[in-house]
Amino acid sequence: MLKLKVNAIIDILMAIFFIIVVINSIVLFVYFPHSQGGYQGGKNSVYLTSFFGLTKIQWTDFHINTGFALIALMALHLLLHLNYYRCIPLFFKSEKNQKRNKA
Ligand code: HEM
């Protein structure tokens with residue numbers, strides 16, 4: 001039961017962090033494209049220096065930190081399912097045997 005709860009919490013956190021990473025990726029991609037330098041280093045009034053109160057550097061930090069948190073959660077998720085992955089070959093083997101027995 002405890003493992004079930006831990007798995008559920010990790011999966012929910014993973015979904016939340018995935019959505020956050022997707023959103024800040026879109027912000028970086030759409031509002032702060034890599035090549036964007038801006039006229040005279042961003043003096044043009046149209047040049048975007050911040051989005052939602054955060055500068056490009058802050059959005060990038062946010063992206064990297066949430067990205068690493070997502071990777072850590074994915075690693076935990078994989079570790080907690082090691083037995084499941086170990087059983088995958090057995091599952092395919094037993095399916096093959098069942099088909100052979102039916103034929
Ligand atoms: C949904 C998955 C992801 C998408 C779509 C995505 C997209 C992006 C985009 C659009 C940029 C900006 C590129 C530019 O400078 O124009 C970027 C930069 C970056 N991303 Fe991601 N990213 C994802 C996941 C991650 C994860 C999991 C990490 C791990 C921490 C990560 C680390 C970085 C780093 C280190 C940069 C460079 C930041 C810099 O300019 O210094 N990303 N990503």
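1. Of the contacts in the chain between residues at least 6 apart in sequence, 80% join residues at least 24 apart. Two residues are in contact if their C-beta atoms, placed from the backbone, lie within 7 Å.

2. This is a predicted model, in which local features need pLDDT of at least 70 and side-chain atom pairs count only at pLDDT 80 or more, while totals for chains, interfaces and linings use all residues. Residues are numbered from 1 along each chain as its sequence is written.

3. The chain has an average pLDDT (the predictor's confidence in each residue, from 0 to 100) of 86, and 83% of the residues score at least 70. Confidence is highest in H2, at 96, and lowest in helix H3 (residues 82-102), at a mean of 83.

4. Three helices and two strands make up the secondary structure, in the order α-β-β-α-α from the N terminus. These are DSSP runs, numbered from the N terminus (helices: H or I, at least four residues; strands: E, at least two).

5. Helix H1 (residues 2-31) and helix H2 (residues 56-80) have axes that come within 9 Å and cross at roughly 150°. Axes are lines fitted to C-alpha atoms, for helices over the stretch in contact, and angles run from 0 to 180 degrees between N-to-C directions. H1 and H2 are therefore roughly antiparallel, the term for angles over 145 degrees.

6. Of the 103 residues of the chain, 4% count as buried, that is, with 20 or more other C-beta atoms, placed from the backbone, within 10 Å of their own.

Terms used: Parallel < 35°, antiparallel > 145°, perpendicular 65-115°, else oblique. Buried ≥ 20, exposed ≤ 12 C-beta atoms within 10 Å, placed from the backbone.
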